[in-house]
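Please keep the structure open while you read.

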Amino acid sequence: MAAPLPGAPGGGRAAEPAGGGPRGSPRPPPRPPGGDPPPSPPDRRKKKGDNILENPSIPNPFPELCCSPFASVLSASLLPKATSRKKQVIKIYSEDDTSRALEVPSDITARDVCQLLILKNHYVDDHSWTLFEQLTHTGLGRAIEDHELVIEVQSNWVVEEETKLYFRKNYAKYEFFKNPLSFFPDHMISFPSETSAALSHSGILQMFLSSSTYPEIHGYLHAKEQGKKSWKKLYFLLRRSGLYFSTKGTSKEPRHLQFFCEFSNSDMYMSLTGKKISGAPTNYGFCFKPNKSGGTRDLKQLCADDEQSRTCWMTAIRLLKYGMQLYQNYMQPYQGRSGCSPLNITPMRSISENSLVAMDFSGHRSRIIENPTEALSVAVEEGLAWRRRGCLRLNSHGSPVAVANMAIHRSQSWFHHKISREEAQRLILQHGLVDGVFLVRDSQSNPKTFVLSLSHGLKIKHFQIVPLEDDGKLFYTLDDGHTRFTDLIQLVEFYQLNKGVLPCKLKHYCARIAL
C-alpha cells in the first residue's frame with residue numbers, strides 16, 4: 001500500500017485501499033491480459049482520494065495549512081507554543097499616576113515589559129528604562145531587575161499593602177559597571193590579602209563577579225531592633241555567606257559576629273520617605289523584606305549615615321545576590337552589535353530617524369549637507385531661529401522678550417513647574433544619583449527666579465538662576481552675569497556642552513513619563 005501523503009485530508013488517518021477491500025488489506029494484483037474485464041470505475045466522488053494514493057508520496061512542506069474538513073481551521077495543536085501560555089493582566093503606572101493595563105504571559109520579564117511599553121509609546125530606548133515596585137503604605141521601593149518575572153514579583157504582594165508598578169528611567173541601574181571606583185570608598189571596602197592595593201577598572205569588576213572571592217564591605221549602620229521602635233548603631237560586615245554585625249565594637253572575630261540576614265529568599269528595598277514612617281535616625285534607610293512575608297513585622301530595617309554609605313551597601317548586596325546575572329543583564333542590549341562598547345554606544349533610534357538627512361535650502365538649488373560639523377551648526381542655528389519666530393508669533397499683544405522668558409521653557413521635559421525642593425530631590429533620586437541628572441524648577445523663595453537641581457557625587461545640589469536686565473533686555477545667568485542667556489533653553493543647552501561654574505555637565509534630565 002502506498003504511504004499516505006503527510007497532511008492530506010483525513011487528519012492523518014490511514015487511506016482506504018483502492019480496491020475497496022477492508023482497511024489494511026493488500027491491494028489485489030492486476031489481472032493478466034485476456035482475463036476478465038476490470039470492474040467498472042467506482043464513483044469519482046467516493047474514491048477521489050484513490051487517485052492521490054497512486055502518485056508518489058511527496059512530503060508536504062506546509063502541513064500546518066492542511067487540516068481535516070471536519071476539524072476547525074485553526075487547531076490548538078497547530079498554534080505556536082507561546083499562545084498556550086497562561087496570560088494575566090498587570091497594571092503599570094506613570095509618574096502622574098495614570099495607569100495602563102497590559103495582558104502579558106506568565107513568564108514575561110521586567111525587561112520585556114519595558115520593551116513593550118517603549119514600543120507602544122514610541123520612546124527612545126537608551127537602556128535606562130526600568131520597572132519600579134513601590135509599597136505605598138510603608139514608603140519602600142526597589143527597581144525590579146531585568147531578568148525577574150513580573151508575575152512572580154506580584155505573587156509576593158500582600159493584600160494589606162498597596163503595591164504598584166511604575167515605569168520610569170533609572171540612570172544608576174548599571175552605573176557600577178561603568179564607574180566602579182566611585183561606588184566604594186576606601187574606608188568601607190577590604191580586598192583579599194593576596195590582591196594588590198591598586199586595582200584596575202576590570203579588576204574590581206572581576207572580583208565582585210568572581211565565585212571564589214568577594215571583597216568585604218564593613219562600616220556602621222543603624223539597625224531597628226525587632227519588635228521595638230528603637231534603633232541601635234552596630235558595626236556590620238558583608239561577606240559572601242551573608243550580612244553580619246559585631247557584638248563587640250569593631251571586632252571581626254567569628255565568636256563576636258552574629259548573623260543578621262541572607263538574601264536568597266528576600267528582596268532589598270530603599271526607604272522613599274526618609275524617617276517619616278519608620279522613625280529612623282537618618283533619611284538614608286533600606287531594608288530586607290522576605291518573600292511571602294506577613295507585613296512590616298518581618299522587615300529587617302537598616303539606615304546609613306549618608307547617601308554614599310547607603311549606595312555602597314546596596315550596590316554590594318545587589319552584586320552579591322545576582323552576580324553574573326546582573327552583568328548579563330547589563331550586556332544584553334549590546335550583544336550582537338559588533339564594534340560597540342557599552343561605554344560609548346548611543347541610544348537606538350527608529351528607522352525613520354536614521355533615514356533623515358540634513359538639507360540646505362538657502363540657495364537656488366537644495367543640497368544634502370554631508371559634513372557632520374556643518375549639519376550640527378545648521379541645526380542649532382535653525383533651532384534658535386525657530387524659537388525667535390515662535391516668540392514673535394506668541395507676542396501679538398506684548399513684549400517678545402517677556403514672552404520668551406516666561407513661556408518658552410514651559411514645554412521642555414526638564415522643566416517642572418511649581419514643585420518644591422523636596423519634590424525635586426525625590427524626582428532626581430528616582431532617576432538615579434548619577435553625575436549630571438538634573439531638572440529646572442520655579443524658585444519657592446523668589447517667584448521671579450528659577451533653580452537648577454543637579455546630582456553630583458551622590459549628592460543633590462541646587463543652583464539659583466537669576467534674571468538680569470540690561471539695556472531693556474532680560475537675561476538669565478548662573479554666574480552673576482558673566483555668562484548670559486536670553487532664555488532657559490539656551491542656558492541648559494550651554495551647560496550640556498560646557499561645565500562652566502557647575503561641578504559637572506548636564507547629562508540626563510528628569511521627566512514625568514506619561515503612558
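Contact here means heavy atoms within 4.5 Å. This is a predicted model. Leaving aside neighbours within four places in sequence, G432 is in contact with N170, A172 and V437. G432 sits in the loop between helix 11 (421-431) and strand 17 (437-442). G432 is buried, at 3% relative accessibility.

Now the charged pairs. Side chains of opposite charge can pair when their charged atoms come close. The count comes to 18 salt bridges. Three of them are listed here.

| Salt bridge | Closest N and O atoms |
|---|---|
| E95 with R168 | 2.7 Å |
| K321 with D267 | 3.1 Å |
| D470 with R484 | 2.7 Å |

E95 lies in the loop between strand 1 (87-93) and strand 2 (99-105), and R168 in strand 5 (residues 163-169), so the pair ties together parts 73 residues apart in sequence. E95 is buried at 10% relative accessibility. R168 is buried at 2%.

K321 is in helix 6 (residues 307-322) and D267 in strand 11 (residues 266-271), so this pair ties together parts 54 residues apart in sequence. K321 is partly exposed at 28%, whereas D267 is buried at 8%.

D470 is partly exposed at 36%. R484 is partly exposed at 39%. Salt bridges that share partners join E133, R142, E148, D267 and K321 into one network.

What makes the nonpolar surface patch of about 410 Å²? V357, M359, F361 and I368 do. V357 is exposed, with a relative accessible area of 54%.

How values were computed:
Residues are numbered from 1 along each chain as its sequence is written. This is a predicted model: local features need pLDDT of at least 70, side-chain atom pairs count only at pLDDT 80 or more; totals for chains, interfaces and linings use all residues. Side-chain values use heavy atoms; hydrogens and water are left out. Patches are made of residues with over 30% relative accessible area and no salt bridge: like charges are joined within 9 Å, nonpolar side chains (Val, Leu, Ile, Met, Phe, Trp, Tyr) within 5 Å. Accessible areas come from the Shrake-Rupley method with a 1.4 Å probe; for residues, only the protein chains shown count as cover. A salt bridge is a side-chain nitrogen of Lys or Arg within 4 Å of a carboxyl oxygen of Asp or Glu. Buried means under 20% relative accessible area, exposed over 50%, partly exposed in between (1.4 Å probe, protein chains only). Helices (H or I, at least four residues) and strands (E, at least two) are DSSP runs, numbered from the N terminus.
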